[in-house]
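Let's take a walk through this structure together, one piece at a time. Have the sequence and the 3D view at hand as you read.

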Amino acid sequence: MATLYRAASPDSLIVAPVDLLTAIYHRASGQTHLMASPAPEILDALAEAPLDAAALLAKLRADYDLVDADPAVLAARLDELVETGLVERR
Amino acid sequence: MDENTTDRQANEPHPTRRRALMLGAATASVVISIRPALAQTSASVLTCEIPVPDAGRAGMYVAADGSLVPNGTKDAFPGATKPFKAEDVRTALNGGTLPGTTYEQSRAYTAYIRRLQHGTAGFTCFASLQMPRG
């Protein structure tokens, strides 16, 4: 079965746009993460329900005009988000 | 490709409000994590403990999503009898199972631990576990 990715619940986050970056305070870890697109958009896409990488890419494709979409790049961005604790692999 | 995508029709006026999103190989990675000062002390990280639930809410059950529910709630689990050691929690956060628990019980407890917030017993311990190594 494909790995599912689940984002931290929106009520555990404080999200603030900071010019081109987005600051995300994660109440659970007490950490603040500064991130650039597409990381905030990925988090947002995972907010409703856990998705595997293929379904996430499909959702992003539905919500945005994807430029040069590369599944390997999406996987790398997901790995980074898992490392921050903002996304859980299950 | 007769779908309602307009990816290749750049010369037309934008018919939708869709935003462009860069997801190609040239996309730079920018994620900077700012650690809380309380967790900069790495000493004793593996010797701290996390009660499930914390003493103030002892007796409540833990639902599958980690929320605390009244005791006796169907499909929820009674709290752990002993606090979990940080090392065991770290293992569970990486896909293992907490000692003395079933798989589903461990997932519920782990979800509870992930939801810990400032001021809750075990939070500092959990925050320490969250720190990237190195």
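Which residues of strand 3 (residues 21-26) of chain A lie on the covered face, and which on the uncovered one? The covered face carries A:Thr22, A:Ile24 and A:His26, while A:Leu21, A:Ala23 and A:Tyr25 make up the uncovered face. Strands here are DSSP runs of E with at least two residues, and helices are runs of H or I with at least four, numbered from the N terminus.

Before we go further, a word on the ground rules. This is a predicted model, in which local features need pLDDT of at least 70 and side-chain atom pairs count only at pLDDT 80 or more, while totals for chains, interfaces and linings use all residues. Residues are numbered from 1 along each chain as its sequence is written, and chains are lettered from A and ligands numbered from 1 in the order in which they are written.

Now look to either side of strand 3 of chain A. Strand 2 (residues 13-18) of chain A runs antiparallel to strand 3, joined by six bridges (two strands pair if DSSP finds at least two bridges between them). In this pairing A:Val15 stands opposite A:Ile24. The two strands form a hairpin with two residues between them, and A:Asp19 in the turn has a positive phi of about 50 degrees. Strand 4 (residues 31-36) of chain A is also antiparallel to strand 3, again through six bridges, with A:Ala36 as the bridge partner of A:Leu21. That hairpin has four residues between its strands, and A:Gly30 in the turn has a positive phi of about 75 degrees.

Stepping back, chain A comes to three helices and seven strands, in the pattern β-β-β-β-α-β-α-β-α-β along the sequence.

Finally, chain B has an open sheet of three strands in the order 5-4-6, with antiparallel pairing. Its edge strands are strand 5 (68-69) and strand 6 (77-78). Within this sheet, B:Val62 stands opposite B:Phe77 in strand 6.

Notes: A residue is buried if 20 or more other C-beta atoms lie within 10 Å of its own, exposed if 12 or fewer, and partly exposed in between; C-beta atoms are placed from the backbone.
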